[in-house]
Amino acid sequence: MVGLAVGAAIEGLRPIHRNAIRGFFNRSASIKSSTKPQRFFWRTNVPCPITVRLPFGGTSGGGPFHSQCIETIYAHYPGLIVLTPATVEDAYSMLLEAVALDDPVIFCEHQISLPPLKAEKLPSEALPIGKARIAREGRDLTM
């Protein structure tokens with residue numbers, strides 16, 4: 001499925017692939033196929049604007065393969081953007097920005113948010129990707 005999305009992206013579309021069970025995405029073939037888009041750009045200079053949505057994190061009864069947080073593995077691939085929203089509002093604006101980027105994006109959504117959480121109001125403006133939102137400023141630590 002990721003290979004199909006990569007093909008659509010290099011033909012000019014902006015596909016979003018949602019992998020329902022991230023536990024199976026850990027297999028080496030899936031990781032290799034999800035990291036090909038950024039290598040493709042550097043080899044051909046043709047953008048590959050694909051967004052791969054992955055669930056991550058544990059839930060009760062998730063088991064050892066469905067409760068891992070492996071988003072940091074993807075952060076070590078040059079040219080691959082990894083986004084992990086903290087709130088529903090963040091997820092909304094970050095997903096819109098992810099689709100607009102010409103770079104391949106791994107969009108990690110915590111499994112708790114997958115039965116859809118709701119927001120009181122969706123943001124009209126969002127922080128650009130790469131800039132942190134300060135949720136609470138502290139004396140010794142800022143979150």
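Among contacts in the protein between residues at least 6 apart in sequence, what percentage join residues at least 24 apart? The share is 72%. The legends below describe a predicted model.

**Figure 1. Overall view of the predicted model, with its helices and strands.** The protein contains 4 helices and 4 strands. Read from the N terminus on, these elements follow the order α-β-α-β-α-β-α-β. Of the 143 residues in the protein, 32% are buried.

**Figure 2. Close-up of the largest nonpolar core.** This core has 14 residues, and those that touch the most other members are Val6, Cys48, Ile50, Val52, Leu54, Tyr74 and Ile106. Two or more residues of the core come from each of helix 1 (2–10), strand 2 (51–56) and strand 4 (105–110). With 4 residues, helix 1 gives the most to this core. Another core, of 6 residues, lies apart from the largest one; Leu83, Met94, Val105 and Phe107 are among its members.

**Figure 3. Close-up of Cys48 and the residues in contact with it.** Leaving aside residues up to four places away in sequence, Cys48 touches Val6, Ala9, Ile10, Pro37, Asp102, Asp103 and Pro104. Cys48 and Val6 both belong to the group that touches the most other members of the largest nonpolar core.

**Figure 4. Close-up of the salt bridge between Arg14 and Asp102**. A search of the whole structure finds 3 salt bridges. In the one shown here, the closest N and O atoms of Arg14 and Asp102 are 2.6 Å apart. Arg14 is located in the loop between helix 1 and strand 1 (16–18), and Asp102 in the loop between helix 4 and strand 4, so the pair ties together parts that are 88 residues apart in sequence. Arg14 counts as partly exposed, at 37% relative accessibility, and Asp102 is likewise partly exposed, with a relative accessible area of 42%.

**Figure 5. Close-up of the salt bridge between Arg53 and Glu109**. The side chains of these two residues, Arg53 and Glu109, meet at 2.9 Å, N to O. Because Arg53 lies in strand 2 and Glu109 in strand 4, the pair ties together parts that are 56 residues apart in sequence. Glu109 counts as buried because its relative accessibility is 10%, under the cut-off of 20%.

**Figure 6. Close-up of the salt bridge between Asp140 and Arg139**. The closest N and O atoms of this pair, Asp140 and Arg139, are 2.9 Å apart. Asp140 counts as exposed at 64% relative accessibility, and Arg139 is exposed with a relative accessible area of 78%.

**Figure 7. Close-up of a nonpolar surface patch.** Tyr92, Leu96 and Leu122 make this patch, which covers about 280 Å². Leu96 belongs to helix 4 (residues 88–100).

Figure 8. Most residues other than glycine have a negative phi. Asn45, although not a glycine, has a positive phi of about 65°. At 59% relative accessibility, Asn45 counts as exposed. From C-alpha to C-alpha, Ile70 and Phe56 are 7.4 Å apart in space, while 14 residues apart in sequence.

Conventions: Residues are numbered from 1 along each chain as its sequence is written. This is a predicted model: local features need pLDDT of at least 70, side-chain atom pairs count only at pLDDT 80 or more; totals for chains, interfaces and linings use all residues. Side-chain values use heavy atoms; hydrogens and water are left out. A nonpolar core is a set of buried Ala, Val, Leu, Ile, Met, Phe, Trp, Tyr and Cys residues joined through side-chain atoms within 4.5 Å. Buried means under 20% relative accessible area, exposed over 50%, partly exposed in between (1.4 Å probe, protein chains only). Contact means heavy atoms within 4.5 Å. Patches are made of residues with over 30% relative accessible area and no salt bridge: like charges are joined within 9 Å, nonpolar side chains (Val, Leu, Ile, Met, Phe, Trp, Tyr) within 5 Å. Accessible areas come from the Shrake-Rupley method with a 1.4 Å probe; for residues, only the protein chains shown count as cover. A salt bridge is a side-chain nitrogen of Lys or Arg within 4 Å of a carboxyl oxygen of Asp or Glu.
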